[in-house]
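Please open the model in your viewer and keep the selection panel at hand.

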Amino acid sequence: MNRAWRFAIEHLLAVPVGVVVALVWANAAAESYFTLSLALSFAVNNVGMALFFALVTQEVIEEMVPGGALHTWRRAMLPIVAAIGGTIGAIGVYHGYLLMGDEPVLTSGWPVVCAIDGGVSYFLVRALLGRHRATPFLLFLVIVSDGIGLVTIGLHQAVAGLHVAAGAAAILAGLGASLALARSRRTTLWPHVLISGTLLWWGFWWSGLHPALALVPIVPFLPRAPRDLNLLTDEGPHNSAVHLEHALRIPVQLVLFLFALVNAGVLVRGYGTGTWAVLAGTMIGRPFGILAAVGLSVQLGLRLPSQVGWRELSVVALITSIGLTFGLFFATAVFPVGPVLTELKMGALLTIAGALVATAAAWLLGAGRFARGAGLN
Amino acid sequence: MNGLDTQDLAPRRMRNAVRCPRRLFAVLAALYFSVVGLLGQALTLPNRPDSLKFAVIGDNGTGDTPQYEVGRRMAAVQRSFRFDQVIMLGDNIYGSQKPQDFVRKFEEPYRPLLEGGVRFYASLGNHDTPAELVYKPFNMGGQRYYTYARANVRFFVLDSTAVDSKQQMWLENALKDSRDDWKICYFHHPLYSNAGRHGSDVELRVLLEPLFVKYGVNVVFSGHDHVYERLKPQKGISYFVSGAAGQLRRGNMKRSDTTAAAFDQDQSFMLVEVDGADMAFQAISRSGTTVDSGVLHRGPRP
């Protein structure tokens, strides 16, 4: 792999580059942009993103097994509480903002504020705090928050399901095929993806579940070897020939670029009440919700992770306001094409401002790399 | 009589005017607009006895004075131009949607029309709620999108806030099945608009315009931008923005070479008359001034 590719992957540049291209294109030549984005959106959002969610699930599973950063439930309790508090705070402020406005159609858009962009958050926490104990705390928090959003959109889509019996049969067949493949001790993952994955995709589609989540149930059956924490990069000690992450690394980067390209192109005047509601929910509601939940938990006897103080926690809480990729995904899952979707997508895009706020907070609080005497790398 | 009847509240205002200078100023302003209205009141429409006549309002449901004044102007016009149908382009009820709001923001402003048997056919805007689907005077039959025919015209009413694949399929089938002379679509968000705040919704245009072109839609009405604008025909289709029957964004028009006519200085509504292959239209301001008018000719269907 050449140096540019490696740099792009390690710095998670696929999404930002896709976002910039989409924004410039949409505002310079809107008709050609939307013609392309509407033509590609189904394939990218419903098929391509299945690879991304498979990879995310793989990461989560590997961090939860012994040796993983998220291993043991004791360690997980506080981030779970923080995630729930942050989600409640975000949804509460989102709805509170809507009460001041006058667009009830936006009420069902609340899953968008559950979203946290795991990749960008991880990159930012490493950039601001270095190799810090706050990192696994943040990762668990992200997983729980996004999990709540995914379950929500899963249920939201399920209501519209038309062929539930056929869908359930296909899902069972897919799971059975994956189990059989796992027992046959095959070392390549493509039979899982192509046979079980295809059956599950159709099963999800027919059942009304979001098909981008179709590969999630078979991830535990995939061949793997133990590895270190390296989200979306490939530096672990595993057998790379069979590892999901190795196989999907480049396809997922391409998918993420296309996802950003297809979904991030909004006209600059496409803002509206939904935009500000998403921003208020994620940038005010979530950080306050997280800090309030953690404060309450500490009062009730839970302990902060070692070496994590309130300064680091505040920075982490602000980092979680970045919804970006997941925010765009949740928005497209909740609303069809139209001005409301555009407003919410713009809100999800603008949450990137959370990176600036978190950086400013780290600097002001002297946290992580900004700590007195730490020196910037 | 082939003219617009301008009923103003000038006499009552005059009685109170002497009490304070502010009222006097208000009365003078009302008189000014009345004179302007009288000068511009001529009905430009053919007003033939057997033609289909309807009015167009958008972004109306504020419950504020301008909406009531537009309602009075419409009722006055209706005495001479006997339209029996009003199409609503969305944002029918702003804010709270309690039963009393439906009275204050819809039934009261249009009471003379409702009592005269005029039927309203609503589309949903971004400020509307599903409660409106089952509000009988809106004639939506519980549907977000629906179609109905009057004379030789078929109307297609869309929910442009959320154009899902189901609605697209429904629209394509409905357009395909229609054998009516005129196909008129109306919905809230404009595919073409030169107003400054929202402007054209290009994503919706990419989605809907190919269907409109393929199945021969003649005219499209939208609101959302709180102005009046008539666009030059785009791919053979005439587009109107009429989103100022209650709200107004004064001075918001940014005319371009696609603008045929525009008005952003006062609230407004439209009158339309379809007679055979001709569709005459007239846009009228709250004060009664004709701000635009013309006739569209429909070519023969293939």
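**A tour by selection**

Begin by selecting chain B, which in this predicted model has 7 helices and 13 strands. If you colour chain B by burial, buried residues make up 49% of its 302 residues. Among the contacts in chain B that link residues at least 6 apart in sequence, 69% join residues at least 24 apart.

Next, show chain A together with chain B and look at where they touch: chain B gives 19 residues to the contact and chain A gives 18 residues. On the side of chain B that touches chain A, 9 residues are polar, 7 are nonpolar and 3 are charged.

Now stay with chain A and select helix α2 (residues 14-28) and helix α9 (residues 244-263), whose axes lie 7 Å apart and which pack at an angle of about 30°. Because angles under 35 degrees count as roughly parallel, α2(A) and α9(A) are described as roughly parallel to each other. Viewed as a pair, α2(A) passes α9(A) in a right-handed crossing. To see what makes the contact, display side chains including A:Val15, A:Gly18 and A:Ala22 on α2(A), and A:Gln253, A:Phe257 and A:Leu261 among those on α9(A). By class, this contact between α2(A) and α9(A) has 12 nonpolar residues, 2 polar residues and no charged residues.

Still in chain A, move to A:Ala317, which sits in helix α11 (residues 310-319). A:Ala317 counts as buried because it has 28 C-beta neighbours inside 10 Å. When neighbours within four places in sequence are left aside, A:Ala317 is in contact with A:Pro287, A:Ile290 and A:Leu291. For a distance to draw in the viewer, take the C-alpha atoms of A:Ala317 and A:Val266, which are 51 residues apart along the chain and are separated by 27 Å.

Finally, return to chain B for two loop residues and their backbone angles. Select B:Asn139, in the loop between β3 (119-122) and β4 (146-150), where phi is near 55°, a positive value in a residue other than glycine. B:Asn139 is partly exposed, with 15 other C-beta atoms within 10 Å.

Then select B:His224, in the loop between β7 (219-222) and β8 (228-231); B:His224 is not a glycine, yet its phi is positive, at about 75°. Is B:His224 buried or exposed? With 29 other C-beta atoms within 10 Å, B:His224 is buried, whereas B:Asn139 is partly exposed.

How values were computed:
Residues are numbered from 1 along each chain as its sequence is written. Chains are lettered from A and ligands numbered from 1 in the order in which they are written. This is a predicted model: local features need pLDDT of at least 70, side-chain atom pairs count only at pLDDT 80 or more; totals for chains, interfaces and linings use all residues. Two residues are in contact if their C-beta atoms, placed from the backbone, lie within 7 Å. Ala, Val, Leu, Ile, Met, Phe, Trp, Tyr, Cys and Pro count as nonpolar, Asp, Glu, Lys and Arg as charged, and the others, Gly among them, as polar. Helices (H or I, at least four residues) and strands (E, at least two) are DSSP runs, numbered from the N terminus. A residue is buried if 20 or more other C-beta atoms lie within 10 Å of its own, exposed if 12 or fewer, and partly exposed in between; C-beta atoms are placed from the backbone. Axes are lines fitted to C-alpha atoms, for helices over the stretch in contact, and angles run from 0 to 180 degrees between N-to-C directions. Angles under 35 degrees count as roughly parallel, over 145 as roughly antiparallel, 65 to 115 as roughly perpendicular and the rest as oblique. A crossing is left-handed if the near helix is turned anticlockwise from the far one by less than a right angle, and right-handed if clockwise.
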